[in-house]
Amino acid sequence: MRDSPDVRPPKAARSARSRNTNSAPPDSPVMSDTMRAVEVPESGADFDVVEKSVPEPDADEVRISVEACGVCHSDEMTKEGVYPRIEFPRVPGHEVVGHIDAVGDDVDEWSEGERVGVGWHGGHCFTCEACRRGDFINCENAEVTGIDFDCSVECKTASVLEL
Ligand SMILES: [Zn+2]
Ligand SMILES: [Zn+2]
């Protein structure tokens, strides 16, 4: 999870898997403060199922509530720490399907509830030479979902696909 200097209070109404049974009406979805994730605690270690705080998206990000995520060989490279820049703990996964449940302040093109997916490409900078040629997949500063940031949390909008 990345630090967010622009932490906003939770929005009042969101899609969610868990419900607050104490104060919310039965049909009013309320997001839990925590989420379950499968995490690699350190390079080469076994997976851990953990409870993590639900992050708020940065201004240029959306948050996705993950409904399903494939697992492929590249996730083993995350688990074994093959990528030199990877930091642990890390939640692997780059074949994400879910729906947007929070939208950053500067995001106009997406809204809560939209069904979306995210793949390997986790974002690009728009400013390097490759990006300026429209070759975003070869961005010098490209991020990879599940390697540079945790699967299931905030995603740069440039990496989100409508389903
Ligand atoms: Zn894959
Ligand atoms: Zn770039």
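Me: Two residues are in contact if their C-beta atoms, placed from the backbone, lie within 7 Å of each other. With which residues is C128 in contact, leaving aside its neighbours within four places in sequence?

Reply: C139, E140 and N141 are the contacts of C128 once those neighbours are set aside. Please keep in mind that this is a predicted model: local features need pLDDT of at least 70, side-chain atom pairs count only at pLDDT 80 or more, and totals for chains, interfaces and linings use all residues. Residues are numbered from 1 along each chain as its sequence is written, while chains are lettered from A and ligands numbered from 1 in the order in which they are written.

Me: Why is C128 called partly exposed?

Reply: A residue is buried with 20 or more other C-beta atoms within 10 Å of its own, exposed with 12 or fewer, and partly exposed in between, the C-beta atoms being placed from the backbone. C128 has 16 such atoms, so it is partly exposed. Its place is the loop between β5 (115-118) and α2 (129-132).

Me: And what makes F126 count as exposed?

Reply: F126 has 11 C-beta neighbours inside 10 Å, so it counts as exposed. This residue lies in the loop between β5 and α2, and it has a positive phi of about 70 degrees although it is not a glycine.

Me: What makes R85 exposed?

Reply: R85 has 8 C-beta neighbours inside 10 Å, so the label is exposed. The peptide bond from F88 to P89 is cis, with omega near 0 degrees.

Me: How do you know how many helices and strands there are?

Reply: Helices (H or I, at least four residues) and strands (E, at least two) are DSSP runs, numbered from the N terminus. The protein chain has two helices and seven strands, in the order β-β-β-α-β-β-α-β-β.

Me: How do you know that β1 and β2 pair?

Reply: Pairing requires DSSP to find at least two bridges between two strands. β1 and β2 have six, in the antiparallel sense, so they pair. V38 has V49 of β2 as its bridge partner.

Me: Why is β2 called hardly covered?

Reply: The count of buried residues among the six of β2 (48-53) is zero. Over the 163 residues of the protein chain, 27% count as buried.

Me: What makes the largest nonpolar core a core, and how many residues has it?

Reply: Such a core is a set of buried Ala, Val, Leu, Ile, Met, Phe, Trp, Tyr and Cys residues joined through C-beta atoms within 7 Å. The largest has 12 residues, among them M35, I64, I100 and C151. β1 (34-39), β3 (61-69) and β4 (96-103) each give two or more residues to this core, and β4 gives the largest share, four residues. C151 itself is in contact with residues including V66, C69, V91 and V96.
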